[in-house]
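Me: I would like to learn how to read a few features of a model. Can we take them one by one?

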Amino acid sequence: MSTPSSLTREDVAHLAQLSRLAVTDEELDLYAGQLGVVLGAVARVQDAPTEDVTPTTHAVPLTNVYRPDVVTPSLTREQVLAGAPAAEDDRFRVPRILQDEA
C-alpha cells in the first residue's frame, strides 16, 4: 500500500474489496483523497513528544472495589423450584430450542 499522503485509487479499491463495499469510480477518487487526509492526520500523532509520558491503560486512575465473599442465607432448592413454571429432576425444565444433530 502507498504512503498515507499518496493513497491511490487502487489502494481504496483494494480496501473496499476487503470490506465488501461496492464503490463507484467517482467514489474511489473521492475516498482516496479523504482517506489520505485522515491517514496523514493520524500519522502526525507519531510526532507528539511522548518521551516523558508514562504509559497508562486508562486516562483516569481506576481502583477495583471488591466486597468480601461471604456466605449468606438463600432460598432452598425446593423454594426456588416451587416458583418455576416446570421442574424435572431438581432442575428447571425449559422448552427444547435445539434439535438433536444426527
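Reply: Start with two terms. Contact means heavy atoms within 4.5 Å. Buried means under 20% relative accessible area, and exposed means over 50%. Keep in mind that this is a predicted model.

Me: Which residues of α1 are buried?

Reply: Asp 11, Val 12 and Ala 16 are buried in α1. Look down the helix axis next. The buried residues of α1 fall within an arc of 135 degrees, so they line one face of the helix.

Me: Which residues are exposed on the other side of α1?

Reply: Glu 10, Gln 17 and Leu 18 are exposed there.

Me: What covers the buried residues of α1?

Reply: The cover includes α2.

Me: How many salt bridges does the structure hold?

Reply: The structure holds 4 salt bridges. One of them joins the side chains of Asp 25 and Arg 9, at 3.5 Å from N to O. Asp 25 lies in helix α2 (residues 25–43) and Arg 9 in helix α1 (residues 9–18), so this pair ties together parts that are 16 residues apart in sequence.

Me: Which other residue forms a salt bridge with Arg 9?

Reply: Asp 29 does, with the closest N and O atoms 2.4 Å apart. Asp 29 lies in helix α2 and Arg 9 in helix α1, so the pair ties together parts that are 20 residues apart in sequence.

Me: How accessible is Arg 9?

Reply: Arg 9 has 31% relative accessibility, so it counts as partly exposed. Asp 29 is also partly exposed, because its relative accessibility is 45%.

Me: Which residue forms a salt bridge with Glu 88?

Reply: Arg 93 does. The closest N and O atoms of Glu 88 and Arg 93 are 2.8 Å apart. Glu 88 is partly exposed, with a relative accessible area of 39%.

Me: Next, surface patches. Which side chains can join a nonpolar patch?

Reply: Take nonpolar side chains such as Val, Leu or Ile, over 30% relative accessible area, and join those within 5 Å. Here, Leu 15, Leu 18, Leu 35 and Leu 39 make a nonpolar surface patch of about 320 Å².

Me: Which elements give two or more residues to the nonpolar patch?

Reply: They are α1 and α2. Take Leu 35 as a case. Leu 35 lies in helix α2. At 34% relative accessibility, Leu 35 counts as partly exposed.

Me: Where is Arg 20?

Reply: Arg 20 sits in the loop between α1 and α2, just after α1. Its relative accessibility is 78%, so Arg 20 counts as exposed.

Me: What is the phi of Asp 89?

Reply: The phi of Asp 89 is near 55 degrees, a positive value in a residue other than glycine. Asp 89 lies in the loop between β1 (87–88) and β2 (91–92). At 59% relative accessibility, Asp 89 counts as exposed.

Conventions. Residues numbered from 1 in each chain as written. Predicted model: local features only at pLDDT ≥ 70, side-chain atom pairs only at ≥ 80, totals over all residues. Heavy atoms only, no water. Helix = DSSP H or I, 4+ residues; strand = E, 2+ residues; numbered from the N terminus. Buried < 20%, exposed > 50% of the residue type's maximum accessible area, 1.4 Å probe, protein only. Patch = residues over 30% accessible without salt bridge, like charges linked within 9 Å, V, L, I, M, F, W, Y side chains within 5 Å. Areas by Shrake-Rupley, 256 points an atom, 1.4 Å probe, with all protein chains shown as cover. Arc of directions from axis to C-beta.
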